[in-house]
Amino acid sequence: MAIATKPTDADVTAFLDAIPDERRRAEGHAMRQLMERVTGEKAVRWGPTMVGFGSMPYTNTTGTNDWFIVGFSPRKAALTLYGVYDGYGPAEPLFAGLGPHETGKGCLYLKHLDAVDGEVLEQLVRKAWAKRT
(Lines give C-alpha, C1' and ligand atoms only; values in the text may rest on other atoms or scores of the structure.)
Protein backbone atom coordinates (compact mmCIF):
# COMPACT_ATOMS: atom_id res chain seq x y z
CA MET A 1 0.00 0.00 0.00
CA ALA A 2 1.45 3.35 -1.03
CA ILE A 3 0.93 6.55 0.89
CA ALA A 4 -1.42 9.16 -0.54
CA THR A 5 0.84 12.17 0.07
CA LYS A 6 3.11 12.50 -2.95
CA PRO A 7 4.85 15.35 -4.72
CA THR A 8 2.64 17.21 -7.18
CA ASP A 9 3.08 19.83 -9.89
CA ALA A 10 0.64 22.15 -8.09
CA ASP A 11 1.76 25.76 -7.73
CA VAL A 12 3.17 26.42 -4.24
CA THR A 13 2.74 30.19 -4.51
CA ALA A 14 -0.93 29.83 -5.48
CA PHE A 15 -1.47 27.44 -2.56
CA LEU A 16 0.10 29.84 -0.07
CA ASP A 17 -1.68 32.86 -1.55
CA ALA A 18 -5.03 31.07 -1.12
CA ILE A 19 -4.67 30.58 2.65
CA PRO A 20 -7.62 32.51 4.13
CA ASP A 21 -5.93 33.65 7.35
CA GLU A 22 -3.64 36.60 6.61
CA ARG A 23 -1.12 35.79 9.38
CA ARG A 24 -0.92 32.10 8.47
CA ARG A 25 -0.54 33.06 4.77
CA ALA A 26 2.41 35.36 5.62
CA GLU A 27 3.94 32.65 7.84
CA GLY A 28 3.67 30.15 4.98
CA HIS A 29 5.54 32.45 2.62
CA ALA A 30 8.18 33.19 5.30
CA MET A 31 8.69 29.48 6.02
CA ARG A 32 9.03 28.75 2.31
CA GLN A 33 11.73 31.42 2.01
CA LEU A 34 13.60 30.09 5.05
CA MET A 35 13.51 26.48 3.86
CA GLU A 36 14.48 27.36 0.27
CA ARG A 37 17.42 29.39 1.59
CA VAL A 38 18.61 26.64 3.95
CA THR A 39 18.09 23.66 1.63
CA GLY A 40 18.91 25.23 -1.72
CA GLU A 41 15.86 23.33 -3.06
CA LYS A 42 12.69 24.65 -4.66
CA ALA A 43 9.44 24.22 -2.74
CA VAL A 44 7.20 21.37 -3.94
CA ARG A 45 3.54 20.74 -3.08
CA TRP A 46 3.10 17.35 -1.47
CA GLY A 47 -0.53 16.32 -1.47
CA PRO A 48 -3.13 19.02 -0.98
CA THR A 49 -1.72 20.77 2.12
CA MET A 50 2.03 20.28 2.52
CA VAL A 51 5.10 22.01 1.10
CA GLY A 52 8.26 19.91 1.06
CA PHE A 53 11.92 20.19 0.20
CA GLY A 54 14.10 17.38 -1.10
CA SER A 55 13.10 13.74 -1.17
CA MET A 56 14.23 10.56 0.57
CA PRO A 57 13.01 6.98 0.86
CA TYR A 58 10.94 6.46 4.00
CA THR A 59 9.90 3.05 5.29
CA ASN A 60 6.91 2.50 7.54
CA THR A 61 3.95 0.11 7.77
CA THR A 62 2.85 1.00 4.21
CA GLY A 63 6.25 0.01 2.79
CA THR A 64 8.98 2.23 1.35
CA ASN A 65 7.84 5.48 -0.21
CA ASP A 66 9.34 8.85 -1.08
CA TRP A 67 8.90 11.61 1.49
CA PHE A 68 10.25 15.14 1.76
CA ILE A 69 13.27 15.80 3.99
CA VAL A 70 11.89 18.95 5.60
CA GLY A 71 8.58 20.65 5.02
CA PHE A 72 5.64 22.49 6.48
CA SER A 73 1.91 23.01 6.35
CA PRO A 74 0.27 26.31 7.28
CA ARG A 75 -2.63 24.72 9.15
CA LYS A 76 -5.39 26.70 10.85
CA ALA A 77 -4.35 25.79 14.41
CA ALA A 78 -0.58 26.09 13.91
CA LEU A 79 2.22 26.30 11.39
CA THR A 80 3.26 22.64 11.32
CA LEU A 81 6.87 21.74 10.50
CA TYR A 82 7.99 18.28 9.44
CA GLY A 83 11.46 16.79 9.58
CA VAL A 84 12.86 19.08 12.28
CA TYR A 85 11.53 16.98 15.16
CA ASP A 86 11.50 13.22 15.08
CA GLY A 87 10.28 12.45 18.59
CA TYR A 88 12.90 9.74 19.13
CA GLY A 89 16.01 9.87 21.24
CA PRO A 90 17.13 12.77 23.41
CA ALA A 91 15.54 16.16 22.87
CA GLU A 92 17.44 18.54 20.61
CA PRO A 93 18.96 21.20 22.94
CA LEU A 94 18.10 23.96 20.44
CA PHE A 95 14.38 23.55 21.24
CA ALA A 96 15.02 25.13 24.66
CA GLY A 97 15.86 28.44 22.95
CA LEU A 98 13.20 28.33 20.25
CA GLY A 99 10.37 29.98 22.14
CA PRO A 100 6.73 28.91 22.38
CA HIS A 101 6.13 25.65 20.52
CA GLU A 102 4.63 22.19 20.86
CA THR A 103 5.79 18.86 19.50
CA GLY A 104 4.06 15.62 18.75
CA LYS A 105 3.93 12.74 16.27
CA GLY A 106 7.15 13.87 14.63
CA CYS A 107 5.93 17.45 14.10
CA LEU A 108 6.84 20.85 15.45
CA TYR A 109 3.86 23.16 15.96
CA LEU A 110 4.24 26.95 16.01
CA LYS A 111 1.14 28.98 16.83
CA HIS A 112 2.91 32.26 16.06
CA LEU A 113 6.01 32.28 13.88
CA ASP A 114 6.94 35.77 15.07
CA ALA A 115 7.02 34.53 18.69
CA VAL A 116 9.93 32.13 18.09
CA ASP A 117 13.63 32.85 17.64
CA GLY A 118 14.19 32.86 13.87
CA GLU A 119 17.89 32.05 14.18
CA VAL A 120 17.16 28.98 16.32
CA LEU A 121 14.44 27.88 13.89
CA GLU A 122 16.86 28.21 10.99
CA GLN A 123 19.47 26.17 12.90
CA LEU A 124 16.86 23.43 13.51
CA VAL A 125 15.98 23.29 9.82
CA ARG A 126 19.67 23.33 8.85
CA LYS A 127 20.50 20.46 11.24
CA ALA A 128 17.53 18.40 10.06
CA TRP A 129 18.49 18.92 6.43
CA ALA A 130 22.17 18.06 7.01
CA LYS A 131 21.23 14.93 8.97
CA ARG A 132 19.35 13.44 6.02
CA THR A 133 21.30 14.64 3.01
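# Report on a predicted protein chain

Arg126 counts as partly exposed, since its relative accessibility is 41%; in this report buried means under 20% relative accessible area, exposed means over 50%, and partly exposed lies in between, with a 1.4 Å probe and protein chains only. The structure is a predicted model, in which local features need a pLDDT of at least 70 and side-chain atom pairs count only at pLDDT 80 or more, while totals for chains, interfaces and linings use all residues. Residues are numbered from 1 along each chain as its sequence is written, and side-chain values use heavy atoms, with hydrogens and water left out.

## The chain as a whole

The protein chain contains three helices and eight strands, where helices (H or I, at least four residues) and strands (E, at least two) are DSSP runs numbered from the N terminus. Read from the N terminus on, these elements follow the order α-α-β-β-β-β-β-β-β-β-α. The radius of gyration of the protein chain is 14 Å, close to the 14 Å that the globule rule gives for 133 residues, so the chain is as compact as a globular protein of that length; this radius is taken over C-alpha atoms, and the rule is 2.2 Å times the number of residues to the power 0.38. Along the principal axes, the C-alpha atoms fill a box of roughly 40 × 35 × 25 Å.

Of the 133 residues in the protein chain, 42% are buried. The chain exposes about 7,500 Å², and carbon and sulfur atoms supply 54% of that area, with accessible areas coming from the Shrake-Rupley method with a 1.4 Å probe. Among the contacts between residues at least 6 apart in sequence, 50% join residues at least 24 apart, a contact being heavy atoms within 4.5 Å.

## Charges and salt bridges

The protein chain carries 16 positive and 16 negative charges, whose mean positions are 5 Å apart; Lys and Arg count as positive and Asp and Glu as negative, without His and the chain ends, and each charge is placed at NZ of Lys, CZ of Arg, CG of Asp or CD of Glu. The structure holds six salt bridges, each being a side-chain nitrogen of Lys or Arg within 4 Å of a carboxyl oxygen of Asp or Glu.

| Salt bridge | N to O distance |
|---|---|
| Arg24 and Glu27 | 2.5 Å |
| Glu122 and Arg126 | 2.7 Å |
| Lys127 and Glu92 | 3.1 Å |

The side chains of Lys127 and Glu92 meet in one of these salt bridges. Lys127 lies in helix H3 (residues 118-132) and Glu92 in the loop between strand S6 (79-82) and strand S7 (102-104), so this pair ties together parts that are 35 residues apart in sequence. Lys127 is partly exposed, with a relative accessible area of 45%, and Glu92 is also partly exposed, at 24%.

Glu122 and Arg126 both belong to helix H3, where they stand four residues apart, or about one turn of the helix. Glu122 counts as buried at 19% relative accessibility.

Arg24 and Glu27 are three residues apart in helix H2 (residues 22-39), so about one helical turn separates them. Arg24 is buried at 3% relative accessibility, and Glu27 is buried at 5%. Both take part in a network of salt bridges that also links Arg23.

Glu36 is another residue of helix H2, and it counts as partly exposed at 26% relative accessibility. Leaving out residues up to four places away in sequence, Glu36 touches Glu41, Lys42, Ala43 and Phe53. The C-alpha atoms of Glu36 and Gly52 are 9.7 Å apart, while 16 residues separate the two along the chain.

Thr80 sits in strand S6 and is buried, with a relative accessibility of 3%. Beyond its neighbours within four places in sequence, Thr80 is in contact with Gly71, Phe72, Ser73, Arg75, Cys107, Leu108 and Tyr109.

Lys105 is placed in the loop between S7 and S8, where it is exposed at 85% relative accessibility. Although Lys105 is not a glycine, it has a positive phi of about 50°.

Asp114 is found in the loop between strand S8 (107-110) and H3, and at 69% relative accessibility it is exposed. Asp114 and Pro7 are 107 residues apart along the chain, and their C-alpha atoms are separated by 29 Å.
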